[in-house]
Structure formats: structure tokens, C-alpha cells
Amino acid sequence: MDDPLLSPVVQAAREELQNPRILSDRIAVGRALWRELVIGFAGQLGSLDLGFTQLAALYAVAGPEMLTVGDLAQLLGRSPSATSRLVDGLVRRGYLERAEEVVDRRQRVLTLTPAGGAVLAAVDHERADQFLAVVRPMPMAERALVAMGVAALANHAVTRRGGLRRGRAER
């Protein structure tokens, strides 16, 4: 079923996606790539002296909604007391600040500091470099497919507010 509008590489990719055995093999290869990314990520966290949950907290606070310690605890699936201790450590390191909530002055809203933003930028940059090191040696046509796939994910998997869509596609 050739489509003259599609390049041979795109046609081959379409055929592979329709074959469950080939798709399963590709997922296994994807696991190897994921493994390398995670190992690189773990090494970077070690050099930053950050734990995964601390980094998750920084990313959560950097998100589009304002969060309290209670909100963050719920997002991370941790107890409020454990999350409060986690936040205390990130405040001491200068990555987060607590600010008085305007509506309810008893509440403290968490904000990312410039130092916390720099940590996230460094993590993002390192992971992008690691990903690009895998993609750069690919033939141009296959790099174009990867770029198209990343663009499709950005267009269809991420909400306007920067969150990940779950379940059925939202338009």
C-alpha cells in the first residue's frame, strides 16, 4: 500500500508500526535508550547532590499552578510531614521559597528561586544533549522522523498549561 506522498522512510515506519512483532522489538530498543538516559540522569543527580524526589518537587513547583506544601505532597504521593522536610531542605539550599498566600495568609505558596531554575535548566540541557548524541549520527531522513515524532508528542501529548495529557486525546 504505497502512498506516493510519503517518503520511503515514512512508509517503512508506518509498516513497522502496524506489525506487532516489529513494534515489540522497537520497544525493547527504546528500553535500551531509556536505560542510558536514566543512568545519565542518575549520575547527574549525584553530581548535583539531589535526590529524584527533590528534583520532582522542583519540577512540580516550576509548573503552571501555584502549590502549597500540601498540594506538593499530594502530587508526589508523600505525607505532608515528609514533604515539609523535603521543602525545608530545598529552601535551605536556595532552590525554593515559601511566600505568604494572598487569599489565605496562613498558607505558604512555594516558588522556584533563580538557583532552582538554574538546576532545572542544567538538568534539561544535559538530558537534551544526551538525547541529541543518540540522534545526531542517524541519517537525515531518520532524524527528520524523530523530529516529527517529537513535534507530534509536543502537539498532542502536552496540554496548553504544560501538563501531560492522560487518557483520551484532548483537543
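Reply: We can begin with L96, which lies in strand β2, keeping in mind throughout that this is a predicted model.

Me: What makes T113 buried or exposed, and where is it placed?

Reply: T113 sits in the loop between β3 and α6. Its relative accessible area is 8%, and with the limit for buried set at under 20%, T113 is therefore buried. Once neighbours within four places in sequence are set aside, its contacts are G94, Y95, L96 and E97.

Me: How do you know whether T68 is buried or exposed?

Reply: T68, which is found in strand β1, has a relative accessibility of 14% and so counts as buried, the limit being under 20%. Apart from neighbours within four places in sequence, T68 is in contact with Q107, R108 and L110.

Me: How do you know on which side of helix α4 its buried residues lie?

Reply: The buried residues of α4, which spans residues 69-76, are V69, L72 and A73. They cover an arc of only 105° around the axis, and so they lie on the same side of α4. On the other side of this helix, Q74 and L75 are exposed. The cover over the buried residues of α4 includes α3, β1 (67-68), α5 (80-92), β2 (96-100) and β3 (108-112).

Me: Why are α4 and α5 described by the term they are given for their relative direction?

Reply: Their axes come within 9 Å and cross at roughly 110°. Angles of 65 to 115 degrees count as roughly perpendicular, and α4 and α5 are therefore roughly perpendicular to each other. The contact is made by V69, L72, A73 and L76 of α4 together with P80, T83, S84, L86 and V87 of α5. Sorted by class, this contact of α4 with α5 has seven nonpolar, two polar and no charged residues.

Me: What makes the label for α3 and α6 follow from their crossing angle?

Reply: The axes of α3 (residues 52-61) and α6 (residues 114-135) come within 10 Å and cross at roughly 105°. This value falls in the range of 65 to 115 degrees, which means that α3 is roughly perpendicular to α6. L55, L58 and Y59 of α3 make the contact with V119, L120, V123 and D124 of α6. By class, the contact of α3 with α6 has six nonpolar, no polar and one charged residues.

Me: What makes up the largest nonpolar core, and which of its residues touch the most other members?

Reply: The largest nonpolar core has 20 residues, of which L50, L55, L58, L72 and L90 touch the most other members. At least two residues of this core come from each of α2, α3, α4, α5 and α6, and α3 gives the most, with five residues. L50 touches L45, L55, L58, L90, R93, Y95 and V119, not counting residues up to four places away in sequence.

Me: How many helices and strands does the protein chain have, and what share of its residues is buried?

Reply: The protein chain has seven helices and three strands, and from the N terminus on its elements run α-α-α-β-α-α-β-β-α-α. Of its 171 residues, 22% are buried. Among contacts between residues at least 6 apart in sequence, 45% join residues at least 24 apart.

Conventions. Residues numbered from 1 in each chain as written. Predicted model: local features only at pLDDT ≥ 70, side-chain atom pairs only at ≥ 80, totals over all residues. Heavy atoms only, no water. Axes fitted to C-alpha atoms, helices over the stretch in contact; angles between N-to-C directions. Helix = DSSP H or I, 4+ residues; strand = E, 2+ residues; numbered from the N terminus. Parallel < 35°, antiparallel > 145°, perpendicular 65-115°, else oblique. Contact = heavy atoms within 4.5 Å. Nonpolar A, V, L, I, M, F, W, Y, C, P; charged D, E, K, R; others polar. Buried < 20%, exposed > 50% of the residue type's maximum accessible area, 1.4 Å probe, protein only. Arc of directions from axis to C-beta. Core = buried A, V, L, I, M, F, W, Y, C linked by side-chain atoms within 4.5 Å.
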